[in-house]
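Reader: I would like a close look at one part of this model, with the charged side-chain pairs and their surroundings taken in turn.

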Amino acid sequence: MRSAVFAISLLSPATGMAQAYRPEVMSLNHGEETVYEVCFKWGVLMPRAGEARLSFDATGDSAGSSYYRMSFATTRFFDVIYKMRDTLICRYAPDFTLLSAVKYADEGDYFLTDELTFSCLGNRTAIHSRRYTPTVTKIDTTLISPSGHVFDMFGLVFYLRTLDWNNFRTGDRVTPKVAIGRDLVNIACTYRGHAVVERERRKYRTHHFTVEIYDEAFEQTKSATEIWIGDDENHLPIKIRSKLKIGAAEVHYKLSTGLKAPLTCRVE
């Protein structure tokens, strides 16, 4: 189930020094909200496991910051197996550099909070990482990255959506880092070119990427995730597929409101 959340909470090349990332293309619009259906695929079976909602809007504070938010809830059927009510929130400065990220995990009788705060220290990026339950602090440390752009796992989705794909050719790779707990995880995203995604008689023109995760916690060092991003000004994720030990988790675009531009990637 955690892989399903990663799949949705899933590109500018890594730089020679650490620095805050600023969007190459601003594809998100304040007021945007998108709904996704999350399924598990075991052979010919693909039951619906839950629903995710992503939204982007102004926080309304005096600093003029924005937030990117995802909420995920399992269906009643999957609640019996593994109940999840997770919320992830990234906060951005007015220039859309990542300031902080928090994940609230509510898994029935277990509650966990992960907090990350990002800041630049000269040529380095510092990330203060805290993980705690209502009764105990599990992690309270600072991570330092000497090079490349650094995000949380959900902020990686924002990063992918705001790249200028006109600069990409098939086989091109970008290699950001992701902060998870005590670790900085290396990630490689490879552009695979154009592809048409079809689901329930609807077709979408997309850009196809594969994602490699170099961290033992994910138990995969090869291509573990694929993501298809709509080929229009919105850069919406249309489909994400993440391998599991048995089967795969799939995330499918369902509907959206408040987009920056018409969803022209949909083929009628």
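Is E212 buried or exposed, by its relative accessibility?

Author: Some ground rules come before the details. This is a predicted model, in which local features need pLDDT of at least 70 and side-chain atom pairs count only at pLDDT 80 or more, while totals for chains, interfaces and linings use all residues. Residues are numbered from 1 along each chain as its sequence is written, and side-chain values use heavy atoms, with hydrogens and water left out.

E212 counts as buried, at 16% relative accessibility, where buried means under 20% relative accessible area, exposed over 50%, and partly exposed in between (1.4 Å probe, protein chains only). Its partner in a salt bridge is R173, with 2.9 Å between the closest N and O atoms; a salt bridge here is a side-chain nitrogen of Lys or Arg within 4 Å of a carboxyl oxygen of Asp or Glu. Helices (H or I, at least four residues) and strands (E, at least two) are DSSP runs, numbered from the N terminus.

The side chains of R205 and D231 form a salt bridge, at 3.4 Å from N to O. R205 is partly exposed, with a relative accessible area of 31%, and D231 is also partly exposed, at 25% relative accessibility.

T206 lies in strand β13 as well, but this residue is buried, with 0% relative accessibility. Its contacts (heavy atoms within 4.5 Å), leaving aside neighbours within four places in sequence, include D231 together with W228, I229, G230 and I238, and, among others, G193, H194, A195 and V197.

A further pair is R241 and E250, whose closest N and O atoms are 3.1 Å apart in a salt bridge. Here R241 is partly exposed at 25% relative accessibility, whereas E250 is buried at 6%. Elsewhere, salt bridges with shared partners join E33, E37, R48, E51, R53, R199, E200, R202 and K254 into one network. In total, the structure holds 16 salt bridges.
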